[in-house]
Structure formats: C-alpha cells, structure tokens
Amino acid sequence: MPHALTTADLFDAPPLPRGLEYHADFLAVDEEAALLELFATLPFREALFREYTARRRVVRFGFHYEPDEHAWREIAPLPPLLAALRRKVAAFRGVDEHDYLHALVTEYRPGTPIGWHRDRPQYGRVAGISFASDCRMRFRPYDNQHDRSAVVALELAPRSLYVMEDDIRWQWQHGIAPTKGLRYSVTFRTRAKAREERGTSNEGRDRTSGR
Ligand SMILES: O=C(O)CCC(=O)C(=O)O
C-alpha cells in the first residue's frame, strides 16, 4: 500500500510540482510477479513514430488516439490481470475504472531511455506503475527547458505508482534516463476533457509530443 512519509521525507525532500504524486509499494511482490508473467507473453513491438522508431517496446490495450487519423481507435480489451490493476489504480484515485480508457505496457531493455516529452493532449490524467527495476524519471518546466536547475528527478522503484495530473501534466515535460536493468511500466490514461485539450494546444511544439 502507499508509502507513509517519514520525517526525513517531509523535511529533506523538495516538494514535488503540483499534480505529481509518488506512492512506493503500491503493489505487493506477488502482484508484481503475476504481472511480470503476463508481460512475458505479450507481443511487444518497438514504438513507431512518424519520424523514428523508439528503442522501447510497447503493447497497447483499450483505446488509443491515432494522430494520423485524428481519431480514437479501439485496440484490444485489457487482459484480466491488467484490468485488475486498472481497477486498483482507479479505486485508489477515485476514478471510474473505464475512464482510464488507454493502457500501455512498455518494456525498457537495459540502456533504454524515453526522451523529453508531454503526452498527447488528447490524453488527460496519467497513472504509471513500475516493474522489475528502478529508473530515474525527470521533469522539466515546459517553458524553461534549458535551465538544468529546474529539473526535478524522481527515483521510481518497482511496484510504485506515480500520478501526473494538473500542472505536471500540462506545464512540464518528462523523460526517463537510460534504464540500468530491464524495466516494465504500465501507463493508464484518461481522455482529456475539452477544457484540458484547449488549455494546451501543444501538438507540434514538443519535440516528442506524442507517446
Ligand atoms: O515508463 C514510464 O513510466 C513512462 C512512460 C511515458 O512517459 C510514456 O509512455 O509517455
């Protein structure tokens, strides 16, 4: 269950940007093990973008926003274990489970990064769960991308949950440094409300806006 903050956390750690939350030990060890068994059966493929092929490999479930078609496409229903994970995250966040309409499983072989980006504006709230090994996730303000002192780093432990909503979702970019070990993540996304989409209109401005 979510990590209880210690006194050291409260006094030593700088506050996270608004809308970014981190919860260690969100999953139990046996829940992680069962999902890793599922991941071993999934047909991962390199993530393709218009201009390049990323090194990380992905499998998508639920609904996906297809930028070339400017449309939502239904891909495949979530396997039961992934649906159970979505239920757990949704209950924790107080969100209807079906609002997390998109589920992405990503495999990072050792040395695989994900570059600076914001998720597509068609997606809204984001929840990510980490598996198998640690990684360093970094955040930088969208309007201050060259100031290294503004970068906020978060070490993501296996079985942890992070949440990106509000400011961190729209006013910050994020990325993951090359992973040391094999890592998997599950990312659940809601569909952005019209107000959120209008609020950003950032497509084409982020070097890697679509994920
Ligand atoms: O692997 C993660 O936790 C982050 C994934 C991500 O940022 C993305 O797919 O856009």
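Student: In which loop does A132 lie?
Tutor: A132 lies in the loop between β7 and β8. The model is predicted, so local features are described only at pLDDT of at least 70 and side-chain atom pairs only at pLDDT 80 or more, while totals for chains, interfaces and linings use all residues. Residues are numbered from 1 along each chain as its sequence is written.

Student: What makes the phi of A132 worth noting?
Tutor: Phi of A132 is near 75 degrees, a positive value in a residue other than glycine. Most residues other than glycine have a negative phi.

Student: Why is A132 called partly exposed?
Tutor: A residue is buried with 20 or more other C-beta atoms within 10 Å of its own, exposed with 12 or fewer, and partly exposed in between, the C-beta atoms being placed from the backbone. A132 has 19 other C-beta atoms within 10 Å, so it belongs to the class in between.

Student: Why is H70 called exposed?
Tutor: H70 has 8 other C-beta atoms within 10 Å, and the limit for an exposed residue is 12 or fewer, so H70 qualifies. H70 is found in the loop between β3 and β4. H70 also has a positive phi of about 50 degrees although it is not a glycine.

Student: Why is L104 called buried?
Tutor: L104 has 21 other C-beta atoms within 10 Å, and the definition asks for 20 or more, so L104 is buried. L104 is found in strand β5. In the whole chain of 211 residues, buried residues make up 32%.

Student: How do you know which residues L104 touches?
Tutor: Two residues are in contact if their C-beta atoms, placed from the backbone, lie within 7 Å. By that test L104 touches V58, R60 and T187, not counting residues up to four places away in sequence. L104 and G62 are 42 residues apart in sequence, and their C-alpha atoms are 8.7 Å apart.

Student: How many helices and strands does the chain have?
Tutor: The chain has 5 helices and 12 strands. Both are DSSP runs numbered from the N terminus: helices are H or I over at least four residues, strands are E over at least two.

Student: What makes β12 mostly covered?
Tutor: Of the 9 residues of β12, 8 are buried.

Student: Which residues have the most contacts inside the largest nonpolar core?
Tutor: They are A103, A127, I129, L161 and V186, in a core of 36 residues. Such a core is a set of buried Ala, Val, Leu, Ile, Met, Phe, Trp, Tyr and Cys residues joined through C-beta atoms within 7 Å. The largest share, 5 residues, comes from β7. I129 touches residues including F26, L85, L161 and V186.

Student: Why is one side of β6 and of β9 left without a neighbour in the sheet?
Tutor: The open sheet of 4 strands has the order β6-β11-β8-β9, with antiparallel pairing. β6 and β9 stand at the edges with a single partner strand each, so one side of each is left without a neighbour.

Student: What does M137 stand opposite in β9, and what in β11?
Tutor: M137 stands opposite L154 in β9 and opposite I176 in β11. 5 bridges join β8 to β9, and 5 bridges join β8 to β11.

Student: What pLDDT does the chain average?
Tutor: The chain averages a pLDDT of 88, and 85% of the residues score at least 70; pLDDT is the predictor's confidence in each residue, from 0 to 100. Over residues 198-205, pLDDT stays under 50. Residues 207-211 also stay under 50.

How values were computed:
Two strands pair if DSSP finds at least two bridges between them.
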